[in-house]
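Here is a quick tour of a few spots worth a look. Have the chains open as you read.

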Amino acid sequence: MSGDVVLSARDIVKRFGGVTALDGVSFELRAGEVHALCGENGAGKSTLIKLLAGVHVHGSYEGEVRIGDQVACFHSTRDAERAGIAIIHQEIALFPEMSVGENLFLGALPRRHGLIDWNQVYARAATTLAECGIGLDPATRVADLGVGQQQLVEIARAIARKPRVLVLDEPTAALAQHEVNALLELIRELRLRGTACIYISHKLDEVFAIADRITVLRDGAAQGTLDAHATSVDEVIRLMVGRRIEDFFPRRQPTRGKTLLAVRGLGVAATKESPPLLRDIGFEARAGEVLGIGGLMGSGRTELLLHLIGLWGTRTSGSVELDGSPLDSHGPREALRDGLVLVSEDRKRFGLVLPQGVAFNVSLSSLAKLCRGPFIDGDAEIAQTKATVSDLRIKVHTLDQPVATLSGGNQQKVVLGKVLMTLPKVLLLDEPTRGIDVGAKLEVYELINRLTGSGKAIVLVSSELGELIGMSDRIVMLCEGRIGGVFARAEATQERLLAAAMGRLNQAA
Amino acid sequence: MKKFATRELSMAIALVVIWAFIAWQEPVFLSPRNLSLLSVELAVTAILALGMLIVLLPGQIDLSAGSGVGLAGAVAAVLVFWLDVPAPVALLIAAIGAVVVWAGMGALIAIERIPAFIMTLGGLLVFRGLHWLTIHNQTVPVVEGGNQNLYSLLTTYYLPAGAGYVLATAVVLALVASMLRARARRKSHGFEIDDGELTFLKLFVLAQFVLLVLIVTNSYRGVPLALVILGAVATLVHQLTTNTPFGRYLYAIGGNEEAATVSGVPVRATIIGAFALMGCIVALTGFMQTAYSGASTSTVGSLMELDAVAACVIGGTSLRGGRGTVLGVLFGALIMASLLNGMTLMAVSPEIKYIARGLVLALAVWLDLRMAKGS
């Protein structure tokens, strides 16, 4: 089973600005093995994969990647492909209007006399599909296939290039159980033929069903490589979470007031036709309280918040009440008027008008209140913006400085200032500390304390378990669109939260 | 700030070069009569361009404006000349009609998400057809020969010399007052301000400019009413875009529509409102352009939408939305109006005129993209 080493990474260090994403990671892959990579969101798995795929080019990182016994110098994703590395990404990247056959060989379609030789395209496609054990007609339009079948086509496309190394990044996120089984069967087949696979998944039962070895990453460092047959799920979770020195979280004791946000039996689907993505969600947030919401990528955290302010999905069941009166999803404008605001995880996309100034952005949601007659009262606007800027300690030269020129932390504070100026009752904070430095993080935590102290309710969504435990009074963990577990602050440990997020609460408890 | 100044300066140089070239070829360009006519032409071009600014700011466009100009003028002319409706009533009916139709287009764009480019391209053809149907492909004068009415006076009335002096003084005083107040306000808020000398210089140049316009127009027939209308529209649009929530929303939607939505900006209502305003301005421009030609003919308004877009872009308005000012658009319109007037004086053939307009439009957009990349 364990053949020659086909790929190795040694002492890889990769930095983005001041953030170290990979901190001396070493890793090796042998022919004919399935090697699983496990780790929390942000542990460095994707960065490592992008390095192997040639997205992060040679020279942008320290350490070396070897293919066989040669140092790999990838300057583009094409170089990586030529070296025999094929990557299957989480999102499906097929051309829906083209046939399965075209998709399989796109970029390398067989030709005769300069024209595409369609007979050969379909003949070779049929052979490849048969080899993979996929019973599909190569002339089928991809758009007519289900998501699971599309994922299989994507894998067949990677296999058609006869790669030495196949990387699968969360390949089963969109698949139903029988499709997962078919995929795992296919991977076993490839293993017998000597292909080396890197398998990334949050689903540990899959990992244990398929992997020969497991490497756990945490905070950009490899925590060890385990023999899958000689370890346990608990051991892997323990390594993923680790025992790091807790960050400093200044959460004060809450004074719980009346219920401001009540969600009961909520089910939401992306569109009227599709099955619900969120099912049976129920929680309450009280005045003076921080309710933490956690979950792995794809668990529906962000969708839940977007639905609450009326930006996403169709409600299929349940109710939402804001301060005692029902909140039906109309749109952000109505939610804002009723006192519910969102600070998005993607502040450049959903938070800021980047070319405009600080005052423009901070006052944007409160202009109606700042009017005298039909006109904006410029003095009042500047006075209130100034108060906000000094209150949140936003570092700016002038109030008309474009927000695009501010640092991440200050941009985040501008968004916070904007929603605070509307005097909200409930704040939905989606990853409020993502991409900002430690100092700004602490200021955000302090602000959360001040806001709950003044009787606001906060819903804090975070993928950092430490942050959730440190800042929340209660924590709801989502798992694939459902509630995987609810914890009081005292009973929350990273192990238990992660187990709940993976739907394995009982085993790990 | 520096970049903006370079842009202003290069526009001023371009204008001087254009004027010098035309005057060298045709000295009559600088005669009081021609400059007076130029100011009326400027008013028509600039008013439509200001409407286009309102539509471009939230990232939309109106290609139907030129056809709309022809149609609105035609409807009013037919009401007055064939149906004997009093001119003020005729103008009001045509204007209300335009507002309703443009609000409808805005609703289709904002709610049904039809791209503005396609929606108004369709409008261009539909309105052109309706225009020709309305006048039965004939020439419909705006007033019985030799008479006057409100419609014809839009571009033929000139203020008496005395009224011109009073108006010019008032304009200069208003400019001084508003500039000084804005400066004081910026200073008290700790914003960047120009130093005192530069402010004085700007005011001095502005006052000189107003005086020059007054002297030139008074040595022909007086300040044209059209120029006064332009002043009023420019002031209104400036106030609207800079000092009202609606104006802020225009910039916010053009700058980042998703963030605007999350921030509670009424995106749909704002876009519909922008098009309704455009309808009002299209009607006004239609009346003025038709009055300037003396009659509604099948060519009135043709291609004016492209002149309006070109004026906006030359004046620093971004076609992707979120950037643009009234002052810049006025400057861009002056360049466009000068080019068109000059080409007519130099008896440039229509073929070459088309080519020149097309090149200017493409050049302006190319320069705008270059500048956007640089910043």
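V362(A) sits in helix 12 (residues 358-363) of chain A; helices here are DSSP runs of H or I with at least four residues, strands are runs of E with at least two, and both are numbered from the N terminus. This is a predicted model, where local features need pLDDT of at least 70, side-chain atom pairs count only at pLDDT 80 or more, and totals for chains, interfaces and linings use all residues. Residues are numbered from 1 along each chain as its sequence is written, while chains are lettered from A and ligands numbered from 1 in the order in which they are written.

Is V362(A) buried or exposed? V362(A) is buried, because 29 other C-beta atoms lie within 10 Å (buried takes 20 or more, exposed 12 or fewer, partly exposed is in between, with C-beta atoms placed from the backbone). Leaving out residues up to four places away in sequence, V362(A) touches T385(A) and V414(A), among others (contact puts backbone-placed C-beta atoms within 7 Å).

Now for the sheet: 4 strands of chain A make an open, antiparallel sheet in the order 14-13-16-17 (a pair needs at least two DSSP bridges).

Over in chain B, the buried residues of helix 8 are L214(B), T217(B) and N218(B). Their cover includes helix 2 (32-56) and helix 7 (161-188) of chain B.

Definitions and conventions. Two residues are in contact if their C-beta atoms, placed from the backbone, lie within 7 Å.
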